[in-house]
Amino acid sequence: MTTLLRRRLLAVPAVLGLALAAACSNSSSGGGGGASAAATLTGDCAKYQPYAGHSGTKVTMFASILSPESDSLEKSWAEFSSCTGIKISYEGSNDFESQLPVRVSGGNAPDFAIIPQPGLLAQMVKTGKVVKPPAGTVANEDKWSPVWKTYGSVNGTFYAAPMSANMKSLVWYSPKAFKAAGYEVPKTWADMMTLSTKIATSGSMKPWCGGIGSGTATGWPATDWVEEVVLGSYGGDVYDQWVSHQIKFSDPKITGAMKTVADWMQNPAFVNGGIGDVKSIATTTFQDAGAPILAGKCAMLQQASFYRAQWAKGTKISADGDVFAFHLPAVNPQVNNPVEGGGEFLAAFSSRPEVQAVQNYLSSSDWASSRVKVSSGWVSANQGVDKSLYTDPIDKISAEALTDPAATFRFDGSDLMPAAVGAGQEWKSFTAWFAEGQSIQKVAADIDAAWPQ
Amino acid sequence: MPTVSASAVQLADSAWTDASIKLGNSVGAIAGFLGILLLIFFAAGRAGGRFTRPLAIAVMLGPAALLLVVGLVVPLVRTVYLSFSNDDSTRSVGGANYGWALTTDSIHQVLWNTLLWLVIAPLVATGLGLLLALLVDRMRGQAVYKSLLFMPMAISLVGASIIWKFVYDARDPAQPQIGLLSQIAISLGWHHPPNWILSHPLNNFLLMVVMVWVQTGFAMVVLSAAIKAIPDEITEAARLDGARGFRLFRHVTVPMIRTTLVVVLTTVMITTLKAFDIVRTMTGGNFGTQVLANEMYSQSFVQFNVGRGSALAVILFLAVTPLVAYNIVQLRKEREHR
């Protein structure tokens, strides 16, 4: 009953908007001055007043997000859509990364694309088809910590506002198993290694599981491990220089970090619980890697917040449940709360007024809150989102780390590097590092050689 | 109030309107296409005199030729052009991409692997196919065996690869095994079977097994038909002359089906050169199993280096061309026999 009533109430301004839009379609195409001619929105719709005046229009959006996640996405802007009369036509594809460049260069760009890799964004900007965001979006972006602005920028120009964020610096473990064995969640890297040795010598299980298999993207979890260690050992500045190749892979700092990873994830005593030897990390898919935790064969797995979706149905994810996650500690305690993560950016390929209205709305904390309310498993690093809205404990941990102003947040390094490295040689060489036991020097030299001149 | 509810219905129905507009558009497009075709045929039918023949040729051949130009010739020319350009095709780099392809260690391995595939997989598939064709030839219920052997052909290469990926799956010997091969090895008393997919160069051959598994049925069916087509008189005569068993096979059967054998071999070779799905699905080109077709895709669409990808595509094209030409010549010969 209530939904029906609400729909009818919403319909009133929508109809008014339609009528007005029809009446003054000539003036609104003049651009900019849409709001003055817009209908006054009332009731639940009043908060959408700044976006009003474009009723009856349609914008298209293209992304890699598939159902059911995309259903929540569409739900999150449903009210905005029915109040303002701007229809958002969403299309998801699991071939997004290769389809988008084809569409854009073919002159068939969508109005919006949700781009998860800054590298791809830079490539799209290179085509000259990406439109700079309106002032409202730029203003909204200030609610994110400044480093995010650089990730939405290409050559210093801001193009795409971040929409969502995810956290990679998590370690999954079983609170039940930890409690039964009397282990405590480690607070520092040294604690974590001491605990690992303790578990390894106890003989009941291996301390770590791991898997870097991911079809054609095999190797990416290994790049994450190295990125975590680089960030946690030397802090943000060195990380930035490394990602931009001012510091090479063959630099002692980076090979040192790789040595730390080798002592951790290539240590025969530490891995690969329940699956095999060190090499088996290369053939185990990252999706399967965590399963031995539930079987009591290994204790911990370093994986991102989105790994929550991989646990078997019925697995209780909570601080005293079957699995939970803790924040991966910094290798060097001097580095303040290092957080490695990813995110999605909204790039526009059109500057029609309704496109700008949607762009403004989707960059606002109102929309972020609305998205958080719709379902769990989605986090925004927007400071304007009330953290009490998060119902899921993993989301809460991620949101707290991502919005901590003191945290050293950095974007996934392989997503920032040129595709020839970040999606090519680095994956390949790191896979060979695990699978074939190639030396750190050779791995580093091969990746450096692949860097575009 | 009535206007409000009507509009609410209209808003809710917008999805339907959208769909019906799209449906209308496609129906319109098809109708338009048919209309144009009818018009052309009508015009061609009305044309008389010395225009009849050239016009008929143009009408019949035109669309196919046009599609060939748009779908094959233009992309080919463009690929060759792109192979001399840099990663995002903004400037020319001369032969640098070919230089890269021929001097990089990892690409050497790719070329070497591709050559291995090209020689071994078709030979084994054709050989096995011939053997099975001979074995099945005079058997009772041969249709059943043939169908069973042909069945892998009906599975997509990706599907077949996923099946075999499970077969090769390896776990710590102390754990329950998922992979069939490891379990068999352990049952036979091999305590520590290797991680199959990781064992280079063995893994290359394990991947070829998938191709052989899929293609053997095809080879068998075609060769079996050719064997059946050998006139009985010839075999009888050879028998009267004292030829038996292997001699009969060596001096009568093989020469009689030679062209078919060559066609089967080259067809499987062409399929093998384009082997992409198997490598992509099973190893993603890691662990030293990369082949040309997959590397080309990865360069163009994962690493966005269109120049290098195009250079590899041209190399692949050059490698396939003689095979295709030979295949066509043999096919023609076979038709002349019939």
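1. The contact between the two chains draws on 21 residues of chain B and 33 residues of chain A. The model under discussion is a predicted one, and the points below should be read with that in mind.

2. On being put together, chain B and chain A bury about 2,400 Å². Carbon and sulfur atoms account for 57% of this area. Within chain B, the residues that lose the most area to chain A are Phe287(B), Gln303(B) and Phe304(B). Together, these residues make up 22% of what the chain B side buries.

3. One salt bridge is counted between chain B and chain A. Its partners are the side chains of Lys428(A) and Glu295(B), with an N to O distance of 3.7 Å. This pair meets the salt-bridge criterion because the nitrogen of a Lys or Arg side chain need only lie within 4 Å of a carboxyl oxygen of Asp or Glu. Across the same interface, two residue pairs are in polar contact, where both residues have pLDDT 80 or more.

4. As to secondary structure, two or more residues on the side of chain B that touches chain A come from each of α1 (2-12) and α14 (292-302) of chain B. The largest share belongs to α1(B), which supplies four residues. By residue class, this side of chain B comprises eight nonpolar, seven polar and six charged residues.

5. Chain B itself is divided by the domain assignment into domain 1 (6-93) and domain 2 (97-337). The centres of these two domains of chain B, taken over C-alpha atoms, are 36 Å apart.

6. The contact within chain B involves 11 residues of domain 1 and 11 residues of domain 2. Between them, domain 1 of chain B and domain 2 of chain B bury about 740 Å². Of this area, 65% lies on carbon and sulfur atoms. The side of domain 1 of chain B that touches domain 2 of chain B consists of five nonpolar residues, five polar residues and one charged residue.

7. What is the count of salt bridges between domain 1 of chain B and domain 2 of chain B? The count is zero. Polar contacts do occur between domain 1 of chain B and domain 2 of chain B: four residue pairs are counted, with both residues at pLDDT 80 or more.

How values were computed: Residues numbered from 1 in each chain as written. Chains lettered and ligands numbered in written order. Predicted model: local features only at pLDDT ≥ 70, side-chain atom pairs only at ≥ 80, totals over all residues. Heavy atoms only, no water. Domains from an automatic or database assignment. Contact = heavy atoms within 4.5 Å. Buried area = accessible area lost by both parts, 1.4 Å probe. Polar contact = N/O pair within 3.5 Å; in protein donor to acceptor, adjacent residues only side chain to side chain. Nonpolar A, V, L, I, M, F, W, Y, C, P; charged D, E, K, R; others polar.
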